[in-house]
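I am opening a notebook on this structure. The entries below record what I looked up, in the order I looked.

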Amino acid sequence: MSDRITLDHGSGGKASHDLIEEIFLSSFSNKTLNALEDSALVQIGSERLAFTTDSYVVDPIFFPGGNIGDLAINGTINDLAMRGATPLYISVAMILEEGLAISDLKTIVASMQEAAMTANVQIVAGDTKVVPVGKADKIFINTTGIGTVSEGVEINGSNGRVGDKIILSGTMADHGITILCQREGLAISGDFCSDTAPLHQLVAAMIADSPGQIHVLRDPTRGGVATTLQELATSSQVGILLRETALPIRADVQGACELLGMDPLHLANEGKLLAFVAPEVAEQTIAILHRLPHGSNAAIIGEVKADHPGEVLLETVVGSHRRINMLHGQPLPRIC
Amino acid sequence: MKERQASLANHQLIPQLTAYLQQIDLPPLRFMEVCGTHTMAIARYGLRQLMPPAITLTSGPGCPVCVTATADIDTFIAASQRPKTIITTFGDLIKVRGSKSSLQEEMGRGGDIRIVYSVLDALDIARKNPNHEVIFLGVGFETTTPTVAAAVLTAAQNKINNFSVITSHKVMPPALEALFKDPAIKIDGLICPGHVSVIIGADAYLPLVKKYRIPCVIAGFEPLDIMQGVVLLAKQIVDKKSEVEIAYQRAVNRTGNNQARSIMATVFTEGAAVWRGFGEIAASGLHFREEYRHFDARHRFDLTITECKEPAGCRCGEVLKGIIPPPACKLFNKRCHPGHPIGPCMVSSEGACAAFHKYDTTSLHYPTPLSKENR
């Protein structure tokens, strides 16, 4: 590993994983943390709690489809939901840069409250710090969340089974391409919009319909679908085969990715989930997702295989196969 | 969604082309795809799996960042260390290592280096920062150079005198000739670069084809375009022909884009240039003409590089000449990977090593479309 922190360490790809393994896990190691799930599952008395924390530093803080506030609430709700939990309480800590407009802060806080109310969670604790100009970028938000997990719900990243169908709950790369175009001031025509959304309702509906048959859930945020599936192939020790023709993506997002030399499989999503489900319930799960607000483009994108354990393979549009690897470094634009 | 359906319909024609390639009798053949965008598309769609055993596809010198010599990278870095200077560049360049450092490392040390998507953005930065020198790093072939020339003309017209360019621009045909002349390199057919050919036209390859008798096909970048290119090359071999054919009619014609070439020729003139892996090739670089010398950063500032060191063990030069495939380099995917690139072919989004890394097919035991299970 390099001797200083670089932006690559925050990309959610290979460098982030190395950092977590070599620095954090080597010091903090314990059974719950080592599982590297979206949220930790801890038992308190007879209650099983899902517990998670996440910090938000997105730039720009306002973008089509949302802002740093609802992103921070939805992100934490989703981390809880990915263990099959019912999200209940959230704490909010803010680091504000001197000079931030109060009107901007009000807008952000209002959308946080709205996101919390939509998801039926309460913001019950908070903290505020202010730093001088240049010591932070406008606003950084940390959210921590708690939820309860019903008996019998066992959803985790090592629970993928050979034969499982892999579901993606909607089009990929919407958030990543929106932020990228905003940040770089790219005048690419396209009605891009972040997909930030809470996913706990999708999860609750899936579990209610097929108890015990939803094996793995994960939201493919930083590093995209590719990086998340790579993690799951490793933690479940299975092979994953994706079909390129089945991957849901908006035509304008696909076009922008091609123009910029980006692989949509590596771009972030903020309102999508990946699910490994038993093959017998795959079709009915898709039907359920299609009826819900954030699942209308859900699709079966591949399946879990015994071949190539720990690897993600893609069957391309022309029928050939190749491996999908984790994102290495920040995506760079192409030259010609 | 319509475009996607059309493109999927196109893909359905591919089995017919692979079937054709399977049934003709071919000697062992090495076809070179010159352009980095082809290299990427071939890897992305796994097109090597569709080739009959006789045909090997090898990548060539068509990645502009990759062929940029270490001395040029060092010059870029020296420019970034000047006071009150803003460097503007396409993103791929920043991670390429020079003798001692990279532009990305210089950014960490406080160098003002900005990634732009067009040279016009660089002009804009120059307008907005009149107290700074704004230098654009000019890397690219005939495809990119006309826009850089146009930016120089605009700067001259509008007297944007704090704008300049370090030109490392190159032209393609002399490099192809250098490949054909080299007895160590066996090439039986060329998949010529689609974008470059839009500018220079198909006839630009005629003298080479006449002299070296190597079949050439200009191809587009969709899987079907590339497969069609391979089929046309194979047909020329079977028919014992060597011609320049266009499999990219929707963009390329015989004579190219005269206007773009004339803008390029107004600002730049051909001269010797050093290519990574090749050394100096006569008339392969584009230098400023005397009347636009003012915009030549090499002329305006003292950017002399005294000593330059190639990265140890890096075999990018051989990859760029099609002598070895990326996995034959001992550093590939070991010490050299996109998180820690040693040579430029691992950095660039057009680089062969990056393509092999990103679209990895080593030791896959899934049935290929040509294996028995799928026939």
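I start with a term I need throughout: two residues are in contact if their C-beta atoms, placed from the backbone, lie within 7 Å. Helices (H or I, at least four residues) and strands (E, at least two) are DSSP runs, numbered from the N terminus. For angles, axes are lines fitted to C-alpha atoms, for helices over the stretch in contact, and the values run from 0 to 180 degrees between N-to-C directions.

I note that this is a predicted model, in which local features need pLDDT of at least 70, side-chain atom pairs count only at pLDDT 80 or more, and totals for chains, interfaces and linings use all residues. Residues are numbered from 1 along each chain as its sequence is written, while chains are lettered from A and ligands numbered from 1 in the order in which they are written.

Entry 1, the sheet in chain B. I looked up the strand order and found an open sheet of five strands, β2-β1-β7-β8-β9, with parallel pairing; two strands pair if DSSP finds at least two bridges between them. β2 (55-62) and β9 (244-247) of chain B are at the edges with a single partner strand each, so one side of each has no neighbour in the sheet. Neighbouring strands here are turned by 25° against each other on average, direction ignored. β8 (residues 216-219) of chain B and β9(B) run parallel and are joined by four bridges. I also noted that B:Val217 has B:Glu245 in β9(B) as its bridge partner.

Entry 2, a helix on that sheet. α12(B) lies across β1 (29-35), β2, β7 (189-192), β8 and β9 of chain B, and runs at about 170° to β8(B).

Which angle do α2 (residues 14-23) and α12 (residues 223-238) of chain B make? They pack at about 25°, and their axes are 10 Å apart. On the α2(B) side I found B:Ile14, B:Leu17, B:Tyr20 and B:Leu21, and they meet residues of α12(B) including B:Pro223, B:Met227 and B:Ala234. The contact has ten nonpolar, one polar and no charged residues. In this count Ala, Val, Leu, Ile, Met, Phe, Trp, Tyr, Cys and Pro are nonpolar, Asp, Glu, Lys and Arg charged, and the others, Gly among them, polar.

Is B:Val231 buried or partly exposed? B:Val231 counts as partly exposed because it has 18 C-beta neighbours inside 10 Å; buried needs 20 or more other C-beta atoms within 10 Å, exposed 12 or fewer, and partly exposed is in between, with C-beta atoms placed from the backbone. Leaving out residues up to four places away in sequence, B:Val231 touches B:Leu17, B:Tyr20 and B:Leu21. Its C-alpha atom is 9.6 Å from that of B:Val217, 14 residues apart along the chain.
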